[in-house]
Amino acid sequence: HLPGAERDGERASDAAEQASAGAAAALPEFRLQQLSIRKHPDLDRVIVQVIDSRTGEVIRQIPPEEWVQVLESMHAAKGVLVDREG
């Protein structure tokens, strides 16, 4: 047993832990994502969503939900706006 060898081992272990923590902090966190592609039944349009697999949160949607709502409103009003007799 060499004097001070135990302390050197502890210092090396501490340095390795700090280096590991620093490397982990520097790396970006990768999200697990799912891709959902579906056809809207009333609008006859494709809706694409990127979903966070861990939380179920929609990260991105194409077209955006606001556009889908506008299109749904227009589709519902189509019979009111179009004159079918003339």
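**View 1. Arg-60 in strand E3 of the predicted model.** Arg-60 is a residue of strand E3 in this predicted model. Its relative accessibility is 53%, so Arg-60 counts as exposed, the cut-off for that class being over 50%. Leaving aside residues up to four places away in sequence, Arg-60 touches Val-48, Gln-49 and Val-50. Leu-35 is 25 residues from Arg-60 along the chain, and their C-alpha atoms are 9.8 Å apart.

**View 2. Gln-61 in strand E3.** Gln-61 also belongs to strand E3. Gln-61 has a relative accessibility of 12% and therefore counts as buried, as the cut-off for buried is under 20%. Two polar partners of the Gln-61 side chain can be shown here. One is the side chain of Gln-49, with which the side chain of Gln-61 makes a polar contact at 2.8 Å. The other is the backbone oxygen of Pro-63, which lies 3.1 Å from a polar atom of the Gln-61 side chain. When residues up to four places away in sequence are not counted, Gln-61 touches Ile-47, Val-48, Gln-49 and Val-68.

**View 3. Pairing of strands E1 and E2.** Strand E2 covers residues 45-52 and runs antiparallel to E1, to which 8 bridges join it. Within this pairing, Leu-35 has Val-50 in E2 as its bridge partner. Val-50 is also among the residues that Arg-60 touches.

**View 4. The sheet as a unit.** The 3 strands form an open sheet in the order E1-E2-E3, and the pairing is antiparallel. Strand E1 (33-40) and strand E3 (58-62) are the edge strands, each pairing on one side only. On average, neighbouring strands of the sheet are turned by 20 degrees against each other, with direction ignored. Arg-60 and Gln-61 thus both sit in an edge strand, E3.

**View 5. The sheet in the context of the chain.** The chain contains 2 helices and 3 strands. Read from the N terminus, its elements follow the order α-β-β-β-α. Of the 86 residues in the chain, 10% count as buried, with Gln-61 one of the residues in this class. Among contacts in the chain with a separation of 6 or more, 19% are accounted for by residues 24 or more positions apart. The accessible surface of the chain is about 7,500 Å², and carbon and sulfur atoms contribute 55% of that surface.

How values were computed:
Residues are numbered from 1 along each chain as its sequence is written. This is a predicted model: local features need pLDDT of at least 70, side-chain atom pairs count only at pLDDT 80 or more; totals for chains, interfaces and linings use all residues. Side-chain values use heavy atoms; hydrogens and water are left out. Two strands pair if DSSP finds at least two bridges between them. Helices (H or I, at least four residues) and strands (E, at least two) are DSSP runs, numbered from the N terminus. Axes are lines fitted to C-alpha atoms, for helices over the stretch in contact, and angles run from 0 to 180 degrees between N-to-C directions. Buried means under 20% relative accessible area, exposed over 50%, partly exposed in between (1.4 Å probe, protein chains only). A polar contact is a pair of N or O atoms within 3.5 Å; within protein, one must be able to donate a hydrogen and the other to accept it, and residues adjacent in sequence count only if both atoms are side-chain atoms. Contact means heavy atoms within 4.5 Å. Accessible areas come from the Shrake-Rupley method with a 1.4 Å probe; for residues, only the protein chains shown count as cover.
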